[in-house]
Amino acid sequence: MTKTWTRLAASFVAGAALLSMNGVQAQAGYPNKPIRMLVAFPAGGPTDVNARLFAQYMTDKLGQTVVVDNRPGAGGNVASTAAASAPKDGYTLLYNTSSFLLGALTYKSATHDPPKDFAPVARTVGVPLVVAMYPKVPASNMQEFIALAKKNPGGMNYASSGAGTIDHLAFAMLEAQLGMKLTHIPYKGTAPALTDLVGGQTQTFMTTLNTVLPFVQNKQLTALAVGSKVRSPLLPHVPTLAESTGIASVELTAWNGIVAPTGTPKDVIERLNQVVNETLKDPEFLKKLEASGAEPYGGTPAAYGKFLAEEQGRFAKIISEAGLERQ
């Protein structure tokens, strides 16, 4: 990690450590009114589904309603900006994904600075990315796909849900590490990208397991590899990217978490972190996660802060290597 990202990690972790002090009683009466949890994606998508699942269980444990407020737009910056400028009282949270970091790195209009403007609460879940292929492409596994792409540089394409999104950067990273050159076709969201892939207008797309699973099961798409460390029980016959590419360290997941505006009282952060971790141990909750292919995380605010700093550094490097310009 460079000195710049080391400082970012120190910023995230130092703030998180202050918010994770033990022996502090929760703010008197917190929560005594509904909590708003902003989501940077439309209702019905995989992130929204996860956020609503957490909201339901957090409501039960906190005794106050946690309301999901969908604020899509500008690569996640609409929700991030609204959350950063909200009162620092624990009644506005951001259910965040990598877009929370990527928006700040790829959009000129972004006004939020993740290490400065947000206090980590907890990393919640992760959903593996899957390399999905249109079935008529003559490649039934990653090795054949890589060979085909190298044989015809730029002749094959891949879809993404938008320039600078996690699925775009994940494929850009694979291109760099595997020595491939493909043509990137960005869409305005996962749904249109998936529609065109199933229709054969594009050739491949790396998206979340829960998004692509029904199409793989119906044989409308072929799953070449999953981005998790181990094979998914939902697609046990599909190898991991590490298995199929030989890159031992590769792991590509769409992770989620919860953050609050910086300045939110540390006892409130601690209370929220406790509730998230309790939720992630609830047997019924875990059954619902497993059904969607999501993996539980949890942990301390400090651990999530360290993870965010490392991810921001990793994304900045991929963006630089891919030659992406700020939009």
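Start with the cluster formed by F54, Y57, Y95 and F285, which are linked by ring pairs. Rings of Phe, Tyr and Trp (its six-membered ring) pair if their centres lie within 6.5 Å; planes under 30 degrees apart count as stacked, over 60 as edge-to-face and the rest as tilted.

Before I go on, the conventions. This is a predicted model, so local features need pLDDT of at least 70, side-chain atom pairs count only at pLDDT 80 or more, and totals for chains, interfaces and linings use all residues. Residues are numbered from 1 along each chain as its sequence is written, and side-chain values use heavy atoms, with hydrogens and water left out.

Members of that cluster turn up again in a helix contact. N50, L53, F54, Q56 and Y57 in α2 meet E284, F285, K288 and L289 in α12. Helices (H or I, at least four residues) and strands (E, at least two) are DSSP runs, numbered from the N terminus. The axes of α2 (residues 46–62) and α12 (residues 283–292) come within 11 Å and cross at roughly 175°. Axes here are lines fitted to C-alpha atoms, for helices over the stretch in contact, and angles run from 0 to 180 degrees between N-to-C directions. Angles under 35 degrees count as roughly parallel, over 145 as roughly antiparallel, 65 to 115 as roughly perpendicular and the rest as oblique. The two helices α2 and α12 are therefore roughly antiparallel to each other.

Back to the rings. How many aromatic pairs does the rule give? The count is ten. In one of them, F145 and F171 have ring centres 6.3 Å apart and planes at 85°, so this pair is edge-to-face. F145 is in helix α6 (residues 142–151) and F171 in helix α7 (residues 166–178), so the pair ties together parts 26 residues apart in sequence. Buried means under 20% relative accessible area, exposed over 50%, partly exposed in between (1.4 Å probe, protein chains only).

W255 and F307 make another edge-to-face pair, because their centres are 5.1 Å apart and their planes stand at 85°. W255 belongs to strand β9 (residues 253–261) and F307 to helix α13 (residues 301–322), so parts 52 residues apart in sequence are tied together. Both W255 and F307 are buried.

F307 also has a charge over its ring: the charged end of R123 sits 3.9 Å from the ring centre. R123 lies over the face of Y297 too, at 3.8 Å from the ring centre. The criterion is NZ of Lys or CZ of Arg within 6 Å of the ring centre and within 35 degrees of the ring normal.

Next, the largest nonpolar core, which has 100 residues, with M58, F145 and L252 making the most contacts inside it. Such a core is a set of buried Ala, Val, Leu, Ile, Met, Phe, Trp, Tyr and Cys residues joined through side-chain atoms within 4.5 Å. Strand β4 (residues 118–133) supplies its largest share, eleven residues.

Last, M206 in strand β7 (residues 204–208). M206 counts as buried, at 0% relative accessibility. Beyond four places in sequence, M206 is in contact (heavy atoms within 4.5 Å) with residues including L129, F171 and L252.
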